[in-house]
Amino acid sequence: MPVDFTLAPEVEDVRRRVRTFMDEEVRPTEEKLRDREADRNGYVEAITGLRRRAHDLGLWNPHLPKEWEGMGLGPVAMAFVSAEAGRTGIGPFVLNAQAPDEGNMHTLLHHASDAQKEKYLRPLAQGRSRSCFAMTEPEVAGSDPTLIQTAAVKDGDDWLINGHKWFISGAKGAKFAILIARTDPDADPPQARNSAFLVDLPAPGWEIVRDIDTMAGQGNHCEIRITDLRVPAENMLGERGHGHLLGQARLGPARLAHCMRWIGQAEVALEMLVDRALKREAHGSKLADKQAIQWMMADSAMELYAAKLMVLHAAYKIENKLPFRQEVSFAKHHVANALWRIVDRAIQVHGALGYSTDTPLERLMRNARAARLVDGADEVHQQTIARNVMAAFKETGSTRSATGDLL
Ligand SMILES: Cc1cc2nc3c(=O)[nH]c(=O)nc-3n(C[C@H](O)[C@H](O)[C@H](O)COP(=O)(O)OP(=O)(O)OC[C@H]3O[C@@H](n4cnc5c(N)ncnc54)[C@H](O)[C@@H]3O)c2cc1C
């Protein structure tokens, strides 16, 4: 099947404008902020200023349609914009296209009623609120949402919810949560057991136990204890028993959005590797002249190129309403692992400096480790990929349709 990644001239223009904004305003501000991280007020002020500036430049909400105060870009154009924004830590937030809000906005756009959209999507789109997505639980494997134990029981016109969640990104400060809970424990298939709810926050019965300390510090990935939380019936999001479907529908594009940002990070790491190798001298020549270092550059360049093609192809399939799950799994697995290897090589070429906190590489590496777990662990994507390869072979005698359906 032919694939056309040509960008319309206006999208090429957006990409150039995002790059310029990131290079000239966002990155310099981020670097200044890193130097004086303790100044909380200054930090908030600077970020708020940059968000206003994104608005003024017409770069706000690239992922949302125009009627929701967005730029109306499709997934292919978004791949370019997010990769540009992902080259800085705060870039996605400055454009209001950060996880988990970006995925939640898509979810609301496609599954919320008109009244829910006005109440929850509008403030998110305007940058007046933040949200979180609460699915994973400490007691059961997050890889298998049919095991979810948080239970919602009908009580008059309300749902009464009890349970326990963790690693809920953005929970501190969120104005609402999309909460996945079990409403139909005996449903068959088990994928029909869960439903999604919109929970106004803060709420009695929704207790933030802690901001979990991770290898990348406290990143607002919270543990939540839910005790007799009362949610009105009209706050169910989508249909009863569709919590699993909604989660899957959300995760396809949300996973890809992560990949796009990771490509920006991998690009930064490769550029740092090359820069360092061209400047540093050892044993009579520049590091860049050594074949061992050139292999690292070559491996990283090839992996980054494959990452870009995979992401663009998956985005192209979503945009053209073609089946995309296999390609999103390819991309999620490949980009997460490529990011890790590319950052690791960049650290190696920087020597002790790479191990220090003087460059962004160590932070990139600590964050990159989560990429192989979030939105589906590596092995879960490999399982999906293998299943699709076998199904294609059984059906057609060929694996072609499960390997990108290209040649
Ligand atoms: C930084 C961060 C942010 C997160 N943000 C959110 C959030 O906002 N909201 C939310 O709901 N969750 C969030 N999560 C949770 C994340 O989605 C889960 O960690 C993930 O789904 C895996 O679930 P688990 O941790 O329970 O691991 P488990 O499901 O217990 O899996 C553990 C390991 O078992 C292996 N495994 C699992 N299934 C299979 C299989 N079928 N075949 C082979 N091996 C397998 C894999 O190696 C896997 O890593 C976040 C996690 C992190 C690290």
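**Ligand contacts**

I started with Ser 143: an N or O atom in the Ser 143 side chain sits 2.6 Å from an oxygen atom of the ligand. This is a predicted model, so I keep that in mind for each distance I note. Next I looked up Glu 379, where a side-chain N or O atom is 2.8 Å from a ligand oxygen atom. Phe 167 takes part through its backbone instead, with an N or O atom 2.9 Å from a nitrogen atom of the ligand.

How much of the ligand does the protein cover? I read off 65% of the 990 Å² of accessible area that the ligand has on its own.

**The shell**

I found 18 residues around the ligand, with Phe 133, Thr 136, Gly 142, Ser 143 and Phe 167 as the closest. Sorted by class, the shell holds 11 nonpolar, 6 polar and 1 charged residues. I then checked which elements give two or more residues to this shell: strand 1 (131–134), strand 3 (158–169) and helix 12 (378–396).

**Nonpolar cores**

Moving on, I looked at the largest nonpolar core, which has 68 residues. Phe 21, Leu 95, Leu 256 and Val 311 have the most contacts inside that core. Several helices supply at least two of its residues each, including helix 1 (9–35), helix 8 (291–319) and helix 9 (325–350). Which helix gives the largest share? Helix 7 does, with 12 residues.

Notes:
Residues numbered from 1 in each chain as written. Predicted model: local features only at pLDDT ≥ 70, side-chain atom pairs only at ≥ 80, totals over all residues. Heavy atoms only, no water. Near = heavy atom within 4 Å. Polar contact = N/O pair within 3.5 Å; in protein donor to acceptor, adjacent residues only side chain to side chain. Areas by Shrake-Rupley, 256 points an atom, 1.4 Å probe, with all protein chains shown as cover. Helix = DSSP H or I, 4+ residues; strand = E, 2+ residues; numbered from the N terminus. Nonpolar A, V, L, I, M, F, W, Y, C, P; charged D, E, K, R; others polar. Core = buried A, V, L, I, M, F, W, Y, C linked by side-chain atoms within 4.5 Å. Buried < 20%, exposed > 50% of the residue type's maximum accessible area, 1.4 Å probe, protein only.
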